[in-house]
Amino acid sequence: MSDWADNPRLNTWLTAQQTAFPVWSRETGQAWDFTVDSMDRLEQLLRERLAGRNDLLAAEAVEQPTVAVPGWYLGEVLNRNYGTVWHRNPVEPTHPDQPKTPFVQFPQDPGAEYEDEEDLPRRPDGPPVVSRPKTTVSTRPPVAGPVA
């Protein structure tokens, strides 16, 4: 899957979202700092702007900035705080089970790019970012209730 992490389709999409981000950010009237704490605001914003799952899927299918930029922002928060990496199918998917949109995932061997444990990125409380992905990514219960 290494070519999934660096290919023209992915790089073009990433550049487009990064370029659109300042405009989107101004339109929201909020400051976005790529911290995990901003995820609640992002969720609230999307719930206010989208009527439900079908709206989200329709906007995602045509890569509308209303969901593509927030999706990029979410991925960047995960990349910067937990060590995930962007991926995208290098060719246009032809099978319905193939991912059509970019996604983030942990590297196959998260520590492989570091010489030793001292070089691993760390969170403020000390442990390496890549050491506890399941417990650090989702520690809060899901929000209850239907999408507005």
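Visitor: How much of the protein is buried?
Guide: In this predicted model, buried residues account for 30% of the 148 residues.

Visitor: What share of the contacts comes from residues 24 or more positions apart?
Guide: Such residues account for 60% of the contacts with a separation of 6 or more.

Visitor: Let us change topic. How many aromatic pairs does the structure hold?
Guide: There are 11 aromatic pairs in the structure. One of them joins Phe21 and Phe34, with 5.4 Å from centre to centre and 45 degrees between the planes.

Visitor: What is that geometry called?
Guide: The pair of Phe21 and Phe34 is tilted.

Visitor: Where in the chain are the two residues?
Guide: Phe21 belongs to helix H1 (residues 8-28), whereas Phe34 is in the loop between H1 and helix H2 (39-49). They are 13 residues apart, and the pair links distant parts of the chain.

Visitor: Why does Phe21 count as buried?
Guide: Phe21 counts as buried because its relative accessibility is 11%, and the limit for buried is under 20%. Phe34, at 14% relative accessibility, also counts as buried.

Visitor: Which aromatic pair does Phe34 form with a residue of helix H4?
Guide: Phe34 pairs with Tyr73, again in a tilted arrangement, at 4.9 Å centre to centre and 40 degrees between the planes. Tyr73 is in helix H4 (residues 65-82), 39 residues apart from Phe34, so this pair too links distant parts of the chain.

Visitor: Is Tyr73 buried or exposed?
Guide: Tyr73 is buried, as is Phe34.

Visitor: Which residues do the ring pairs link into a cluster?
Guide: The cluster consists of Phe21, Trp24, Trp32, Phe34, Trp72 and Tyr73.

Visitor: What lies over the face of Phe34?
Guide: Arg80 does, at 3.7 Å from the ring centre.

Visitor: And what sits over the ring of Trp32?
Guide: The charged end of Arg41 sits there, 4.5 Å from the centre of the ring. Both Trp32 and Phe34 are members of the cluster named above.

Technical notes: Residues are numbered from 1 along each chain as its sequence is written. This is a predicted model: local features need pLDDT of at least 70, side-chain atom pairs count only at pLDDT 80 or more; totals for chains, interfaces and linings use all residues. Side-chain values use heavy atoms; hydrogens and water are left out. Buried means under 20% relative accessible area, exposed over 50%, partly exposed in between (1.4 Å probe, protein chains only). Contact means heavy atoms within 4.5 Å. Rings of Phe, Tyr and Trp (its six-membered ring) pair if their centres lie within 6.5 Å; planes under 30 degrees apart count as stacked, over 60 as edge-to-face and the rest as tilted. Helices (H or I, at least four residues) and strands (E, at least two) are DSSP runs, numbered from the N terminus. A charge sits over a ring if NZ of Lys or CZ of Arg is within 6 Å of the ring centre and within 35 degrees of the ring normal.
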